[in-house]
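Here are a few notes to read alongside the model.

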Amino acid sequence: MTTTPWWASEDMWRKAAIWITAVMFVVLIFLSFHSMSEIVAGTKRVPAYSVINKRIYYRFDEDRNMQVPVIGDDAPLFGKTLSEEDAAALVSYGKKVIQGRNCMNCHTLLGNGAYYAPDLTKAWLDPAWGAEAVRESLMLAFLKDPETNARTFGTGRKMANLELTDEEASAVVAYLKWMSSIDTNGFPYNFKALPQGE
Ligand code: HEC
């Protein structure tokens, strides 16, 4: 009579499946809570909102083999240094504009959204703005009237005019500046930043 070896027994595999599922369930819960604490503004990878008062640029990190954001000297957005609360309010308003106007119907942010138009995660650093000195005003003008102020972001497509007001467009710029400071582990891959004058 042949006896089934232990590693081929049905009972062993059933128990193994139950244990592995249970352990992975606990790991998943742990990772979910861990991720929640890592995505809060003011932590290691996601800077506080007042980062919009600083210059944000990119540097290639040899150890990580990817581009990582660097927070530099003072470079207040629209020339105005904001407190943490005011910066948080402006960035949050920008986020609401983006949600309210459904920009993600065409764009992606951190990879989420639609693939008609460029990913906006690093739009603040897009070389298409030409130079740091003119970026703020070009971005504002583009957002308020993308048809007249079209640049080429490499898509060959056109953005519709969403009739953003000055306040809405400025808040969107603040939101995009803050977003560009997030350490996204090299996303989007192969991203090239605006000339940085270094
Ligand atoms: C109907 C689709 C559509 C919608 C909706 C849309 N966009 Fe765009 N957007 C585009 C396209 C297409 C481009 C690229 C234009 C080009 O290549 O010249 C673009 C470009 C941009 C850029 C420049 C991207 C870069 O790489 O620097 C920004 C910033 C931007 N859009 C912001 C927004 C915001 C903010 C909203 C919502 C208020 C929005 N877009 C809504 C289609 C859209």
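Which residues come nearest to the ligand?

1. The ligand has 27 residues around it, and Cys-103, Cys-106, Ala-117, Asp-126 and Met-159 come nearest. Here "near" asks for a C-beta atom, placed from the backbone, within 6 Å. The shell splits into 17 nonpolar, 5 polar and 5 charged residues. Ala, Val, Leu, Ile, Met, Phe, Trp, Tyr, Cys and Pro count as nonpolar, Asp, Glu, Lys and Arg as charged, and the others, Gly among them, as polar.

2. A word on the source: this is a predicted model, with local features needing pLDDT of at least 70 and side-chain atom pairs counting only at pLDDT 80 or more, while totals for chains, interfaces and linings use all residues. Numbering starts from 1 along each chain as its sequence is written.

3. Helix 2 (residues 84–100) and helix 4 cross at roughly 105 degrees, their axes coming within 7 Å. They are therefore roughly perpendicular (65 to 115 degrees). Axes are lines fitted to C-alpha atoms over the stretch in contact, with angles from 0 to 180 degrees between N-to-C directions; helices are DSSP runs (H or I, at least four residues), numbered from the N terminus. By class, this contact has 10 nonpolar, 1 polar and 2 charged residues.

4. Helix 3 (residues 132–144) also packs on helix 4 (residues 166–180), at about 125 degrees with the axes 9 Å apart. On the helix 3 side, the contact includes Met-139 and Leu-143; Val-172 and Val-173 are among the helix 4 partners (C-beta atoms, placed from the backbone, within 7 Å).

Terms used
Helix = DSSP H or I, 4+ residues; strand = E, 2+ residues; numbered from the N terminus. Contact = placed C-beta atoms within 7 Å. Parallel < 35°, antiparallel > 145°, perpendicular 65-115°, else oblique.
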